[in-house]
Amino acid sequence: MAGAQPAVKVVALCGSLRKNSTNRGLIRAAIEIAKESIDGMEIEYVDISPLPMLNTDLEVDGTYPPAVEAFRRKILEAESVLFASPEYNYSVTAPLKNALDWASRPPNVWGNKAAAIVSSSGGSRGARSQYHLRQIGVFLDLHFINKPEFFLNAYQPPPKFDSHGDLIDREVREKLKAVLLALHAFSLRLRGTSVVN
């Protein structure tokens with residue numbers, strides 16, 4: 001019998017820097033779900049707030065500022081990426097775009113990774129930010145799962161989050177789990193293995 005496969009290592013990035021962001025709440029819920037009920041998946045939240053604004057003058061002899069080097073290393077070591085992307089002005093947020101750009105500097109550390117996007121936003125539920133992120137991902141060589149899609153209107157009753165931004169809606173939690181299961185299966189597919197039921 002073959003040994004167990006190594007766990008799929010996922011980095012989770014949030015486009016909102018706000019502590020009680022509902023998108024951060026989705027990431028916290030995803031980490032809990034993976035620990036509780038998805039065997040072979042480890043999700044680590046990586047904070048993008050320490051990254052300086054992209055400025056190639058900060059690149060010296062092929063190296064980057066320490067916060068950028070640490071961030072790039074986390075992306076490089078991961079097999080997959082989970083983006084929690086709110087929508088700002090029909091697009092991704094400035095902090096998330098900055099993180100995408102830093103990790104795409106030579107050598108691009110996004111390449112050939114599986115990815116998924118979840119969004120908690122207002123009226124559009126983050127749809128336009130997701131479609132824009134998918135366009136960016138083409139150039140970065142990210143491979144997004146196509147389904148299930150996850151768009152959430154965070155402000156539509158009944159409440160989906162508590163006052164701390166933590167997910168409290170059981171049905172939404174199940175939809176989030178479906179995204180994670182699809183990301184896990186797609187990551188294994190890209191790895192060259194398949195899910196054993």
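This is a short chat about a predicted protein model.

Visitor: What should I know about the model before we start?
Guide: The model is predicted: local features need pLDDT of at least 70, side-chain atom pairs count only at pLDDT 80 or more, and totals for chains, interfaces and linings use all residues. Residues are numbered from 1 along each chain as its sequence is written, and side-chain values use heavy atoms, with hydrogens and water left out.

Visitor: Let's start with strand E1. Is it mostly covered or mostly open?
Guide: Covered. Six of the seven residues in E1 (residues 8-14) are buried. Buried means under 20% relative accessible area, exposed means over 50%, and partly exposed is in between, with a 1.4 Å probe and protein chains only. Strands (E, at least two residues) and helices (H or I, at least four) are DSSP runs, numbered from the N terminus.

Visitor: Which strand pairs with E1 over five bridges in the parallel sense?
Guide: Strand E2, residues 41-45, does. Strand E3, residues 80-84, also runs parallel to E1, and five bridges join them. Two strands pair if DSSP finds at least two bridges between them.

Visitor: What are the bridge partners of Val11?
Guide: In E2, the partner of Val11 is Glu44. In E3, the partner of Val11 is Val81.

Visitor: What unit do E1, helix H1 and E2 make?
Guide: A right-handed β-α-β unit. Right-handed means that, with the strands pointing away from the viewer, the path from the first strand over the helix to the second runs clockwise.

Visitor: Now H1 itself. What span should its 16 residues have?
Guide: At 1.5 Å a residue, H1 should span 22 Å, and its end C-alpha atoms are 22 Å apart, which agrees. The expected span is 1.5 Å times one less than the number of residues.

Visitor: What caps the N-terminal end of H1?
Guide: Ser21 does. A side-chain oxygen of Ser21 lies 3.0 Å from the backbone nitrogen of Asn23.

Visitor: And what do the buried residues of H1 pack against?
Guide: They pack against E1, E2, E3, E4, E6 and H5. The buried residues of H1 include Leu26, Ile27 and Ile33. Contact means heavy atoms within 4.5 Å.

Visitor: How many residues are in the largest nonpolar core?
Guide: It has 33 residues, and those with the most contacts inside it are Ile43 and Leu176. A nonpolar core is a set of buried Ala, Val, Leu, Ile, Met, Phe, Trp, Tyr and Cys residues joined through side-chain atoms within 4.5 Å.

Visitor: Which element gives the most to this core?
Guide: Helix H5 does, with eight residues.

Visitor: What does Leu176 touch?
Guide: Not counting residues up to four places away in sequence, Leu176 touches Leu26, Ala29, Ala30, Ile33, Val118, Phe150 and Leu167. A second, separate core has 27 residues, including Tyr64 and Trp102.

Visitor: Which phi does Asp61 have?
Guide: A positive one, about 50°, although Asp61 is not a glycine. Most residues other than glycine have a negative phi. Asp61 lies in the loop between E2 and helix H2 (66-77).

Visitor: Why does Asp61 count as exposed?
Guide: Because its relative accessibility is 78%.

Visitor: What about the phi of Asn112?
Guide: Asn112 has a positive phi of about 65°, and it is not a glycine. Asn112 lies in the loop between H3 and E4. At 49% relative accessibility, Asn112 counts as partly exposed.

Visitor: Last one. Is Ser121 buried or exposed?
Guide: Buried, because its relative accessibility is 9%. Ser121 sits in strand E4. A polar atom of the Ser121 side chain lies 3.2 Å from the backbone nitrogen of Glu87.

Note on methods: A polar contact is a pair of N or O atoms within 3.5 Å; within protein, one must be able to donate a hydrogen and the other to accept it, and residues adjacent in sequence count only if both atoms are side-chain atoms.
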